[in-house]
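Reader: Walk me through this structure, please. Start with the contact between chains.

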Amino acid sequence: MSGNTRRILVTVMTVISLVLAGCGGNYDGEADNGNVRSGEQTKDVHMIAYDWSEEGDLFARLYDDILLDFNGRKDLNTTLEVQRIPGEPYKTKLNAVIAANNAPDVFVTHASGIMKIYKEANRIQSLGEAFAADPAWKQRFYPNVLDLLTFDGEVYGVPVSITHTALFYNKGIFEKYGLKVPETYEELKAVSKVLASHGITPIAMGAKEPWVAALISQFAANRIGGNEPFDRIMKGNGTWEDPSFIQSGYVMQELAAMGAFPKDYLGLNYSGMTAMFNNGEAAMIVMGSWFIGQLLNSDSIYRDKIGVAKFPRFTNGKGNENAWLSHPDYNLVISSSAKDPESALAFLKLWSEPQYQARVAEETGKFPVAKTDVNLEKVPRLYKELNELVNDKSDMFMYYDVGLGPPLGDAYNTAIQAILAGKKPEEAFGDLQLLYERHN
Amino acid sequence: MNMSYRANHIIRKTALYSVLCIGVVIYLYPLIWLVLNSLKSTSEIYLNPWGLPNNWKWENYVQAWTVGKTGIYMFNSFFITAVTIAFVVLLSSMAAFAIRIMKWKLSSTVLVYFLIGMMIPVHATLIPLFVNFTKVGLVNSHLGLILIYISGGLSATILILYGFLSVIQREIIEAAVIDGSSMLKVYWGIVLPMIKPALMTVATFSFLGVWNELLVALVFMSDANKMTLPVGLTNFTSTYSTDYSTLFAATFMATLPTIIIYIFFNNRIISGMAAGALKG
Amino acid sequence: MDKMLRDRKTILFLLTPSLLLYTLLQIFPIGSAVYYSFFEWDIISTQKFIGLGNYIRMFTEDELFWLCVKNMLFLTIVGLVLQQMTGFILAVILTGKIAAKNVFRNVFFMPAVISSAAVGLMWSFIYQPEIGLLNQIISFLGFEDLTHAWLVEKETVMWAIAFVASWQFIGYSMVLFIAAILNISQDVFEAAELDGAVSWKLVRYIIFPLVKPIFKVNSILIVIGSLKFFDLIYVMTGGGPANASQVLASYIYTRSFTQFEYGYGNALSVILLIMCLLFTFISNKLSKDTNE
């Protein structure tokens with residue numbers, strides 16, 4: 001083919017694709033960074049917030065309403081615009097812009113581990129003064145929710161919701177086989193056996209994303225050894241070779257060996273496993289309470305037949321069923337390079353206001369962190385039930401990966417994944433201990 | 001020839017052709033399977049994975065193009081590839097000309113300098129490039145990606161063009177200079193046209209290399225609207241984890257341009273590749 | 001004329017753009033990578049100098065590193081055997097008296113020009129346990145218990161990937177061998193036939209020895225290609241299940257861009273670079289010997 005013909009071919013193809021891309025794409029015009037949502041714009045200062053929610057989901061819609069409220073305020077000279085980057089890319093993108101000294105003015109992050117890293121790198125502002133100047137604001141928060149955001153006595157972020165991890169189950173399936181919700185580990189195993197024999201996957205668990213498997217192992221460790229082993233890890237003088245951790249590894253292997261997990265669970269990701277639960281292929285799932293919102297938003301026909309329960313206790317374990325795996329799952333921080341910290345603070349404060357905290361509960365199914373009057377008529381049924389269960393709580397412990405932050409937190413998750421793939425728990429935790437010692 | 005030899009011959013021929021045809025099936029069927037299934041609805045794929053579609057759902061392609069952003073990915077890939085090819089061909093031909101035709105002491109040294117690049121795997125430069133581009137704001141931009149692709153394609157291209165320039169005789173250049181042409185005009189007006197086939201070969205290889213590139217594009221493009229096709233395809237699996245039909249449609253559309261280029265240029269590609277490897 | 005050929009300004013004009021881009025974006029980063037491999041860095045905090053810490057960790061504590069090396073070796077060996085053997089056989093067949101040679105040649109080469117992302121996705125579907133082609137065929141033939149979740153079981157995953165890699169690149173080997181066989185002069189063939197050499201003897205005693213150099217060159221290409229392998233693994237398994245299919249390239253990616261250990265990632269890159277340099281060096285030595 002001559003050069004001319006080739007050039008023509010390429011030009012034609014380019015033109016065609018340009019035209020089609022222009023007509024068809026979901027191109028949001030000024031797409032410099034993902035989807036952009038802006039408010040009214042006649043003010044001088046323009047700030048940017050990063051959000052990891054999926055555009056259009058229940059939480060994002062609440063966020064947009066709060067944004068409207070904020071941007072409509074006459075006493076502030078700043079507008080705020082949110083950019084949504086759902087999923088894995090969020091971390092990479094956020095850290096990249098921070099490293100480039102081009103951080104967003106406000107962004108969401110996990111508490112504890114990673115927030116501490118941002119604080120030590122001087123990337124986020126302390127809210128100590130802000131809280132001191134407005135004690136009423138601080139009082140609004142439930143006791144202890146600010147703990148994981150406090151470093152050296154100062155608070156560095158504002159939690160917006162809290163999540164509790166529980167055992168969700170399909171009441172229809174349980175009734176069909178005459179099963180009772182398991183309250184002990186032994187009962188869990190028994191129930192799983194029955195379900196498996198009828199071809200139902202007992203627990204929807206997909207370990208492709210390591211943190212999912214870690215939910216169960218963290219519960220197991222806490223039920224067996226209580227809070228202390230991990231508390232000591234967090235303080236720096238603990239050991240991963242504590243028997244409760246090693247035992248939790250064996251628990252995972254035991255459950256896997258008896259068929260409690262889906263076939264090929266090592267290759268199953270989050271959406272695959274929730275789909276399994278939502279369409280009745282699996283009877284149980286251990287998940288954080290954000291799942292309530294997702295369930296409501298899905299088209300599952302079992303939506304009204306889902307129940308929630310405490311994660312079973314282990315007879316002879318030091319822990320009990322009233323210790324909850326919880327943490328503030330959505331925390332807003334102000335970047336140290338924020339253009340208008342005062343306004344940013346005002347935005348953060350909006351989230352703790354009673355009417356918005358109530359909406360967190362009523363609309364998104366997540367749990368509020370500040371005192372509010374939740375209209376129990378409006379909240380999702382599952383929220384109500386879980387709320388009652390949580391009222392008994394005696395203790396809270398946090399996700400290990402959130403508590404430790406990267407890279408240790410990720411190493412824990414990977415260790416659990418490796419144990420499920422066959423590695424001996426002693427070995428896996430031994431290696432983890434080596435890593436832990438090097439980092440301390 | 002006796003009968004048994006003939007029979008032997010026929011058996012052997014049949015065996016050979018069977019092997020070849022089985023090979024063709026192994027090679028073409030995955031593609032055909034992909035296309036057939038891209039025209040079914042996802043549920044039909046589960047029920048009838050082998051056969052022809054019952055309803056030919058052309059809308060899967062529309063869906064992949066618009067909602068699935070394949071159109072955007074295609075445009076990005078075209079744009080980035082076209083710009084990269086243009087500059088790689090231009091810059092490397094200039095450099096090869098300088099090294100091969102012009103006379104200066106360090107010419108061989110510089111050639112070797114460029115050749116070092118052929119031994120460097122992109123992974124070794126990836127992190128520093130990412131960190132530095134982040135600092136100057138070139139991450140997540142088409143410009144940044146193009147610059148990296150150009151710089152990565154220079155070594156091999158300069159080497160190939162250097163080889164082709166070796167056959168240009170001095171006399172031709174002398175004649176042009178005597179006629180009053182400057183060296184640059186010689187480069188542009190005489191030498192370049194003479195090595196057009198080589199430029200085409202090089203352009204084709206560049207096209208394949210850039211169009212299909214995954215790792216660098218993956219690291220540098222986090223914005224769905226800026227992604228190239230390979231990255232976009234991998235992006236698909238997270239949001240469309242169970243919507244296979246759209247994914248198949250997108251995959252087929254992604255491979256179509258390379259197949260078209262291949263149909264037109266396969267001779268050039270294959271001979272260029274063989275020549276390159278045989279030369280050592 | 002000679003003066004024009006030596007004209008500094010022209011030379012600089014022609015050379016500078018390439019030189020600049022190449023040096024800035026290929027050479028300097030190598031230096032950076034080596035430098036930062038001695039640090040611990042998560043990109044947002046300040047770097048911490050730890051000397052050889054990353055390397056010590058890699059060689060003594062990091063099992064995953066050795067798993068990567070093992071997987072790369074596996075891919076290389078399977079690749080060498082499958083691609084060379086099948087490529088050679090196909091080349092022999094396709095240089096014989098077969099009709100539609102070009103059609104066959106083109107079909108077998110085609111996957112090499114398709115992006116690995118697309119190839120990986122296609123084969124992920126084929127390997128899918130429930131609706132995938134492979135298990136369907138196996139069940140159809142009656143061997144139900146031989147079905148597997150090919151990409152999820154750690155015993156089968158590397159074989160599954162290695163097979164796809166060969167599927168994609170056998171065409172390369174085939175084409176090289178075809179070119180080499182076609183290079184053998186007709187005289188040799190005629191002489192052999194006069195001597196009464198039957199087809200497969202022809203292959204064994206004439207063709208094979210004469211294309212041995214190609215085996216060598218091709219081996220180098222396959223080895224270096226296996227070192228850099230990333231695309232198929234990322235697309236088909238992401239390194240899973242539970243990191244069973246990690247190779248250096250994908251491991252570098254995971255450590256740096258998902259776990260934010262840039263210092264360690266750089267150290268891994270440096271090791272990969274050394275491996276590439278080493279093999280290129282060895283290959284140059286070997287091909288020099290061949291040419292003698």
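Reader: How many residues of chain A are in contact with chain C?
Author: The model is predicted, with local features needing pLDDT of at least 70, side-chain atom pairs counting only at pLDDT 80 or more, and totals for chains, interfaces and linings using all residues. Residues are numbered from 1 along each chain as its sequence is written, chains are lettered from A in the order in which they are written, and side-chain values use heavy atoms, without hydrogens and water. Contact means heavy atoms within 4.5 Å. On the chain C side 21 residues take part, and on the chain A side 28.

Reader: Which residues of chain C lose the most area to chain A?
Author: Buried area is the accessible area (1.4 Å probe) that two parts lose on being put together, summed over both. Between chain C and chain A it is about 2,000 Å², with 56% from carbon and sulfur atoms. Three residues together give 30% of what the chain C side buries: C:Ile44, C:Ala242 and C:Phe260.

Reader: What is the radius of gyration of chain A?
Author: Chain A has 19 helices (H or I, at least four residues) and 12 strands (E, at least two), both as DSSP runs. The radius is taken over C-alpha atoms, and the globule rule is 2.2 Å times the number of residues to the power 0.38. For 440 residues the rule gives 22 Å; chain A comes close to this, so it is as compact as a globular protein of that length, at 24 Å.

Reader: What share of chain A counts as buried?
Author: Buried means under 20% relative accessible area (1.4 Å probe, protein chains only). Of the 440 residues in chain A, the buried share is 57%.

Technical notes
Buried < 20%, exposed > 50% of the residue type's maximum accessible area, 1.4 Å probe, protein only.
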